[in-house]
Amino acid sequence: MSDVSSQMVTSSVQRDGDAVIPAAVATALCAQLPAGAAVALAWSDPVLGEGRHGHPEGGAAGPGPTAPQQQAASARLALQQCWHHGGSELTLDVSLAGDTPPPDSWWTAARCLFQSTVLLARQRREIASLEDSKRLQQALYEIADLAGADLEMAEMLRHFHRVLNSLMYAQNCFIVEYDDVRHRVRFLYFADQKDDFVADPDRSYEEHEMPRSLTFALLRHGEPLSGPSRELLAILDDEHDPERGPESLDWLGVPMLRDGRVCGAIVVQSYEHRARYGEADRTLLGYVAQHILTAMDRRQAQVQLERQVERRTVELQRANRNLQEEVVERRRAEKLQMALFNIAELAMSAESLSQYYGQVHGVVGTLLDARNFYIALVNEKGDGLEFVYSVDEYNPSRAPRPFSDGLTEFIVRNRQPLLATRERIDALRESGVVREFGARSNCWLGVPLLSDDDVVGVIVVQSYSPEVVFTVHDQRLLTFVAQNIGNGLARQRDQERLRNAHADLERRVDERTRELADVNDKLLGQIGERLRAEQRLTHQAMHDALTGLPNRLHLLDRLEDAIARARASEGQGFAVLFLDLDRFKLVNDSIGHAAGDQMLVEVAKRIVSMISAQDVVARLGGDEFAILLQCGDGLASALEFSQRMLVALEESMWVKGRELFPSGSLGIAMWNPRYRNGEELVRDADAAMYRAKAQGNDRCAVFDEAMREQALRSLDLEADLRRAIINRDFMPFYQPIVRLSDGELVGHEALLRWQHERRGLLLPSAFLDLGEESGLIEQVDWLLYEQVITQLARGGRGYLSVNVSPRHFRSADFSTRLFGLIEAAGADPHRLRLEITEVALLDDGPRTLRILQTLRERGVLVQLDDFGTGFSALSYLHRFPISTLKIDQSFIAGLHGQDMQSTHALVQGVLSLARTLGIETVGEGIETQAQHDTLLQLGCDYGQGYLLGRPAPMATTATA
């Protein structure tokens with residue numbers, strides 16, 4: 001902020017530099033000299049700039065005199081003194097009519113007055129600078145407050161405009177949001193004194209809708225743009241179009257950047273000659289724009305959070321409604337069960353059939369609308385119906401009748417329930433299937449009464465009102481009731497059988513009742529469990545499930561609070577410590593993940609026991625922990641705590657019957673105002689932790705500017721790597737592989753090279769680690785494979801080998817994609833060989849074995865590269881289809897070194913093993929004739945190295 005304020009003051013100095021020293025000073029000095037004298041003051045000051053005053057106007061060094069004046073001026077005395085004072089260069093010119101110079105006292109007084117005046121003017125400038133800084137700081141505080149205020153976006157932007165207008169001329173201002181993927185803009189805010197354009201924040205404008213727009217030009221270039229609109233349009237080979245809006249005398253726009261990408265812009269413009277924008281205005285607008293962007297981002301994040309809360313509330317309300325519906329359904333089931341139970345009980349307790357029928361009607365009435373209800377039974381002869389019970393609004397009694405075409409007989413014949421509306425009844429009647437007896441019903445529902453699988457009657461409910469309509473659910477209820485009535489009727493005919501059926505029915509009803517009670521208890525338990533689950537989810541969202549510590553989300557939330565306090569100067573300094581346990585993977589791989597979890601819990605307890613109530617310990621995942629530590633004494637406090645924590649970690653612990661001595665690497669990032677959020681602090685502490693691991697385990701490292709620069713270099717290299725992938729800047733260099741016995745060329749190894757746009761040709765060691773870490777190495781490999789397979793397709797003899805990263809064996813489509821390239825290029829797969837390291841065999845043995853077998857079946861052989869530098873397990877050579885062993889160059893170099901005997905024996909053993917297994921061998925890194933002769937003597941089949949040929953493009957390498 002101080003840089004912005006100083007630029008504002010400097011600009012004001014440049015605008016009115018001649019006015020900082022009052023002209024009255026020269027007048028006062030001239031008044032102390034004889035008549036006709038002239039005095040001129042000149043100064044050059046780093047704060048006030050350059051200027052001069054004279055009295056009379058033009059002073060002692062005014063414009064040259066005319067010919068008559070020259071003759072009069074020849075008798076004048078001209079004197080000058082120049083000196084430096086307080087960083088200023090001061091000059092005092094005096095011109096007198098006579099030849100008598102001013103006395104020394106006058107010179108002394110003049111110098112003092114001049115120096116004091118310059119000092120006073122400089123102090124006024126500094127006061128103005130402080131006032132500008134204060135005004136800017138107050139504006140930024142207000143912007144920050146607005147971001148947290150409960151305001152709509154449009155209202156918040158209007159306040160932003162007001163704050164900006166208090167810092168500079170910004171009567172005409174608009175703010176746009178930019179989508180750099182779809183190249184669209186939205187006018188979030190637009191205020192202009194002359195332009196009648198009405199901005200719709202919900203509408204997006206594409207570039208073709210605003211041809212040759214200054215706004216789009218600003219967003220594309222990502223750099224500030226200023227000047228008269230006519231001149232800026234001229235740069236775009238365009239001219240002013242009144243339909244686009246009025247012409248501005250000065251136009252200033254700056255982009256808003258988020259993570260290095262243009263996401264919007266803020267533009268001010270002036271239609272008045274007195275209001276022009278300078279470099280200080282551009283700097284100020286850019287500075288304020290970034291703060292406005294931060295405020296807008298915070299506001300949008302708050303809005304998104306509120307939307308998520310609202311969405312979650314709706315989901316919970318929906319879940320609550322579902323639970324309530326389930327409860328209603330359960331109660332309905334209980335009600336049905338109770339009705340069935342009552343009917344079964346009535347069959348045993350009713351004194352007469354008529355009483356039984358009436359009580360059944362009452363039970364049915366509790367389940368559905370049964371105002372119109374009757375029961376019809378087949379008579380003893382089986383040729384007609386008897387209406388043993390009937391309650392009806394229009395037909396209080398029903399006479400017996402022989403079988404006819406009525407709806408009741410329709411059910412007896414078809415042995416199926418019938419639910420018929422008025423329309424269906426009319427359709428059945430018109431088709432001649434049925435005919436109606438009595439009043440016309442609006443809805444009719446009947447179900448058969450069964451006894452020993454025979455239809456013995458029908459139970460019917462009907463409605464004469466359009467407001468009462470029966471449903472399929474009512475049909476199921478009535479069917480259940482009819483089944484129980486049938487059982488009651490069977491009791492009348494076979495009392496003994498009915499008693500047995502009743503006992504069985506009671507047992508089943510009791511079981512069902514208990515089941516429903518259990519279901520009801522479970523339902524209540526589920527409701528309670530869901531409430532507890534919501535509480536657990538809230539806790540789990542902010543805490544680690546294993547250790548119970550806060551998680552990353554909780555830590556970042558606390559970090560935001562700490563940063564806010566630190567920025568407001570309300571709290572002391574703090575630090576973020578990033579801890580990673582050393583060799584933790586070894587614990588998981590050796591004694592199991594359960595032991596690793598137990599170890600993590602114990603480590604968490606030890607850390608928590610060391611911190612204060614104001615500190616926070618969080619588990620970020622795996623074996624990574626982060627500590628928000630309040631540091632009263634700055635870095636010294638953080639280092640002292642770190643050392644104590646590392647010592648505490650080293651104390652032994654017993655896990656799964658084993659004594660373990662854990663240790664960790666610790667990175668420290670101290671609070672600095674340059675941090676914008678907690679993520680940046682955690683990121684830098686993580687980088688410092690990796691620096692500690694690189695220096696050796698069980699130590700700590702503090703993040704410094706060197707690490708920051710290294711991180712930026714890595715970021716730049718990753719960006720270069722991504723551009724290189726797009727531009728296909730990678731190429732293979734081929735190194736010959738020859739038979740040692742006769743020197744015949746048998747193949748080449750394709751080695752990766754990067755033709756960097758600035759650094760020239762790079763070896764893999766310059767970028768391979770970054771490529772593995774970022775995952776980009778897979779894309780680079782496929783670019784290399786494509787070129788190598790294309791080279792294979794051109795023909796020739798001998799094979800080409802290419803290195804394959806272990807990453808590729810984790811991909812299910814690796815072999816399919818590789819053979820797709822081979823088939824597309826028309827290359828011979830038998831001339832392609834893949835070189836892998838022992839790490840690929842360790843990663844996922846079964847998967848790797850399947851891929852290698854698939855490759856061999858299609859003709860692609862596999863060579864084991866750098867053999868001897870890894871685990872060198874003999875079981876790998878037996879299990880996996882390896883065709884060739886490539887002995888690492890470190891062993892070849894040691895054949896004639898200090899340990900030549902042991903190296904000689906080791907290489908001889910590897911070659912003997914390979915011959916036994918029928919595997920070919922290649923010696924890597926042969927650089928001397930002695931190494932060549934020794935390998936040939938030991939029985940090595942092939943060789944590769946600078947002695948036999950250096951890597952080069954295939955254009956300069958003869959293919960065998």
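## Salt bridges, checked against the cut-offs

Student: What makes Asp742 and Arg739 a salt bridge?

Tutor: Their closest N and O atoms are 3.1 Å apart. A salt bridge needs a side-chain nitrogen of Lys or Arg within 4 Å of a carboxyl oxygen of Asp or Glu, so the Asp742–Arg739 pair qualifies. Mind you, this is a predicted model, where local features need pLDDT of at least 70, side-chain atom pairs count only at pLDDT 80 or more, and totals for chains, interfaces and linings use all residues. Residues are numbered from 1 along each chain as its sequence is written, and side-chain values use heavy atoms, leaving out hydrogens and water.

Student: Why is Asp742 called partly exposed?

Tutor: Its relative accessibility is 48%. Buried means under 20% relative accessible area, exposed means over 50%, and partly exposed is in between (1.4 Å probe, protein chains only), so Asp742 counts as partly exposed. Arg739, at 25%, is partly exposed too.

Student: How do you know that Arg312 and Glu315 form a salt bridge?

Tutor: The N to O distance is 3.5 Å, so the pair meets the salt-bridge definition. Arg312 has a relative accessible area of 38% and Glu315 has 34%, so both are partly exposed.

Student: Where do Arg312 and Glu315 lie?

Tutor: Both are in helix 8 (residues 279-349), 3 residues apart, about one turn. Helices are DSSP runs (H or I, at least four residues), numbered from the N terminus.

Student: Are Glu409 and Arg401 buried or exposed?

Tutor: Both are buried, and their closest N and O atoms are 2.9 Å apart in a salt bridge.

Terms used:
Helices (H or I, at least four residues) and strands (E, at least two) are DSSP runs, numbered from the N terminus.
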